[in-house]
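Please look through the sequence and the structure shown here, and then follow the explanation below one step after another.

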Amino acid sequence: MPELPEMETYRRLLSERIVGKPMTEIEINREKSINIPPSQFIQELQGNTITKIDRRAKHLIFQLSSGKSLLLHLMLGGWMYLGNDEDNPDRTKQVIVSFGNEKLYFIGLRLGYLHLYNTKELTSELSDLGPEPLDSTFTIEKFQEIFTERRGMIKTTLVNQEVIAGIGNCYSDEICFEVRIKPIRKFDELEPSEFNALFNGMKTVFHRAIEAGGYMDNPLYKNDHKTGGYNKICAVYDREGEPCKRCQTPIILETVSSRKTFYCPNCQN
DNA sequence: AGGGCAACCCGGACGC
DNA sequence: TGCGTCCGGGTTGCCC
């Protein structure tokens with residue numbers, strides 16, 4: 001599912017390909033995916049260029065030349081495709097933005113959305129998010145500050161966007177595996193060494209996942225060999241019954257606060 | 001504060 | 001083949 005590394009991969013690949021190009025045509029197939037009437041949405045976008053693409057947690061922010069922004073959240077199962085009608089994937093496309101002969105298809109937006117906001121609205125929309133895991137200002141001291149008083153399960157806390165932003169179901173498990181800690185452990189019972197390992201492991205896993213291209217089923221464009229590269233190096237997520245990459249013990253699946261949770265029962269403590 | 005749960009949505013998987 | 005049913009997943013909001 002699209003979490004921080006997937007959105008960062010999209011951000012990087014799209015930045016090279018659509019920034020600076022005028023939006024020539026906008027097609028809305030599902031009004032629920034946007035936040036204002038389609039005619040107004042189209043009018044606001046048409047002729048604009050995307051000046052920059054930013055990422056905040058699992059959101060992408062398309063900065064428009066008008067000064068407004070498009071806030072994208074793919075939620076579950078949402079993805080994008082950049083191409084044309086010849087090679088476009090045969091799926092439900094809720095929104096299509098054309099850049100001349102190249103189109104950006106927003107696909108599988110069920111609970112996902114593409115909302116248009118001014119600066120003030122955008123700030124307000126993102127105001128409840130915790131720190132960015134990979135931000136250089138997010139230090140071990142900050143990490144300690146935030147997590148020391150937490151008593152809940154590690155898994156539950158890591159996926160809480162108000163505590164720290166960008167970690168979802170897949171990477172919370174991947175991070176726990178990396179540092180050999182069971183996701184169901186409680187934060188307040190972690191040894192100081194485990195606490196440090198968790199902080200470093202989080203950064204390591206995210207850097208590795210971004211480098212690999214994230215965990216995605218579909219390419220962003222034709223001959224895209226980057227997107228989804230993490231699928232094959234994924235350690236535990238969606239690998240129930242498969243051997244642990246460290247000790248060969250079958251990975252187990254458990255439900256933790258109504259979420260699928262994968263871990264190695266042998267080498268995670 | 002933490003935990004549990006329902007609601008949101010609908011493509012896709014599965015069963016018959 | 002085709003129809004019906006169910007599930008999943010991030011987020012929000014509500015309850016205990």
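C267 is buried, with a relative accessible area of 10%, a value that falls under the 20% limit used for calling a residue buried. In this predicted model, the cysteine sulfur nearest to that of C267 belongs to C264 and lies 3.6 Å away. Because a pair of cysteine sulfur atoms has to be within 2.5 Å to count as a disulfide, C267 takes part in none.

A disulfide is a covalent bond between the sulfur atoms of two cysteines, and the structure as a whole holds zero of them.

From these single residues we can turn to the chain around them. Chain A has seven helices and 10 strands, and of its 269 residues 54% count as buried. How does the radius of gyration of chain A agree with that of a compact globule? For 269 residues such a globule would have a value near 18 Å, and chain A, with 20 Å, agrees with this. The C-alpha atoms of the chain fill a box of roughly 55 × 40 × 30 Å when the box is taken along the principal axes. Among contacts between residues at least 6 apart in sequence, 63% join residues that are at least 24 apart.

Finally, the loop between α7, which covers residues 192-212, and β9, which covers 252-256, deserves a careful look, with N223 as one of its residues. N223 is not a glycine, and yet its phi is positive, at about 65°. Is N223 buried or exposed? With a relative accessible area of 61%, N223 is exposed. Q248 is also found in the loop between α7 and β9, and its phi, near 70°, is again a positive value in a residue other than glycine. Q248 has a relative accessible area of 53%, and because the limit for an exposed residue is over 50%, Q248 counts as exposed.

How values were computed: Residues are numbered from 1 along each chain as its sequence is written. Chains are lettered from A and ligands numbered from 1 in the order in which they are written. This is a predicted model: local features need pLDDT of at least 70, side-chain atom pairs count only at pLDDT 80 or more; totals for chains, interfaces and linings use all residues. Side-chain values use heavy atoms; hydrogens and water are left out. Helices (H or I, at least four residues) and strands (E, at least two) are DSSP runs, numbered from the N terminus. The radius of gyration is taken over C-alpha atoms; the globule rule is 2.2 Å times the number of residues to the power 0.38. Buried means under 20% relative accessible area, exposed over 50%, partly exposed in between (1.4 Å probe, protein chains only). Contact means heavy atoms within 4.5 Å.
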